[in-house]
Amino acid sequence: MSSPVSSDARVTLAQLAEEAGVSLSTISKVLNGRSDVSRKTRSKVEELLEEHGYKRRKTTASKSALLELVFHELESAWALEIIRGVENVAKANGMSVILTESGTRHAPGTDWIEGVMARRPAGVVLVFSDLPQEYRQQLDARSIPFVIIDPAGDPAPDVPSVGSANWAGGMMATRHLIELGHTRIAAISGPEDMMCSLARIDGYSSALNTAGIPIDRSLIRYGDFHVDGGRKHALELLQREQRPTAIFAGSDLQALGVLDAARQLGISVPAQLSIVGYDDLQVARWSSPALTTVHQPLIEMAEEAARMVLRLREGERPNNLRLDLATSLVVRQSTAICPD
């Protein structure tokens with residue numbers, strides 16, 4: 001009738017159904033991820049399942065040969081790097097990848113959790129800030145492990161996640177420009193409500209402080225990690241009376257927008273303006289001039305996230321649930337000695 005379960009508590013499913021005020025078939029539907037249960041009832045049952053320690057046995061989850069990768073948007077070259085990394089691990093393990101687009105950068109939508117319960121993948125890699133507690137309970141009850149990659153926010157300590165050293169990346173990008181003699185250095189980071197954006201600005205600020213260069217808050221902007229956002233902020237910055245001689249862009253796509261703004265204004269790169277990007281996407285090598293950028297190991301991050309999901313599926317518990325990979329500076333042709 002119901003799915004095989006395990007529990008440390010001596011409570012039967014019939015007793016659990018009575019406590020929840022629902023039928024035994026409803027308990028079974030929730031355990032099996034059926035969608036024909038109201039959200040309120042599902043949430044109540046999930047809480048009781050967690051309270052009494054019920055989980056689907058690992059043998060059920062291990063039969064799936066699917067890894068699910070969930071984004072809030074699939075429009076950028078950044079997403080392609082993540083997809084490539086997850087697919088590398090899936091292929092090595094004889095598995096396939098399902099791509100899903102849902103929600104905002106903070107969390108997937110309510111439609112997703114119902115779908116993933118029906119699909120029952122071996123595990124899920126998510127590109128979000130965190131997962132609502134309700135979603136975690138539902139995944140945990142069915143032994144579907146998940147890992148968040150490059151979290152936009154600060155996940156709870158018990159949430160597995162893989163990111164990169166954003167503060168160090170912002171620091172090394174800005175220090176490179178300082179070593180070239182630049183002192184009027186602007187920064188265009190990502191959205192202000194994303195942890196990685198703030199960490200890169202913190203690194204930028206630390207580099208300026210260490211060099212004894214006053215921080216001009218009017219030179220700090222928060223964009224959207226896309227080309228248009230970089231262009232918009234760069235046009236404003238470069239038309240100031242005292243324009244910056246260098247711009248640190250918090251993504252390669254924004255750096256391409258800065259390049260385009262410089263072309264529109266007749267400003268030569270790097271002779272009159274130095275630009276540093278972030279991510280080291282393939283497009284950074286193809287731009288003209290080729291972008292100096294901070295290498296964020298996106299493929300490796302995705303691979304580590306996928307491996308962590310598979311280890312969790314097998315019942316392993318990593319000693320450290322938060323893994324940050326190192327970043328590095330890649331110097332190309334978009335930076336030069338300050339012309340002043």
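I began at Ala186, which stands opposite Ile247 in strand 10. I noted that the model is predicted, that local features need pLDDT of at least 70 and side-chain atom pairs pLDDT 80 or more, and that totals for chains, interfaces and linings use all residues. Residues are numbered from 1 along each chain as its sequence is written, and side-chain values use heavy atoms, with hydrogens and water left out.

**Entry 1: the mixed sheet**

I took helices (H or I, at least four residues) and strands (E, at least two) as DSSP runs, numbered from the N terminus. Strand 8 (residues 185–189) and strand 10 (residues 246–249) run parallel and are joined by four bridges. I counted two strands as paired if DSSP finds at least two bridges between them. Both strands belong to an open sheet of six strands, ordered 9-8-10-11-12-14, with mixed pairing. Its edges are strand 9 (220–222) and strand 14 (328–330), each of which pairs on one side only. Neighbouring strands here are turned by 20 degrees against each other on average, direction ignored.

I then looked up which helices meet this sheet. Helix 8 packs on it, touching strands 8, 10, 11 (274–279), 12 (292–295) and 14, and its direction makes about 165 degrees with that of strand 11. Helix 11 (residues 252–264) lies across strands 8, 10, 11 and 12, at about 155 degrees to strand 11. Contact means heavy atoms within 4.5 Å. Axes are lines fitted to C-alpha atoms, for helices over the stretch in contact, and angles run from 0 to 180 degrees between N-to-C directions.

**Entry 2: helix 8 against helix 9**

I found that the axes of helix 8 (residues 166–179) and helix 9 (residues 195–210) come within 7 Å and cross at roughly 40 degrees. Helix 8 is therefore oblique to helix 9 (angles under 35 degrees count as roughly parallel, over 145 as roughly antiparallel, 65 to 115 as roughly perpendicular and the rest as oblique). Residues that meet include Trp167, Met171 and Ile178 in helix 8, and Ala199, Tyr204 and Leu208 in helix 9.

I recorded another open sheet of six strands, in the order 4-3-5-6-7-13, with parallel pairing. Strand 4 (96–101) and strand 13 (322–325) are its edges, each pairing on one side only. The twist averages 20 degrees from one strand to the next. Strand 6 (residues 146–149) pairs with strand 7 (residues 161–164) over two bridges, and Ile148 stands opposite Ser161 in strand 7. Helix 5 (residues 77–92) packs on this sheet, touching strands 3 (66–71), 4, 5 (123–126) and 6, and its direction makes about 165 degrees with that of strand 3.
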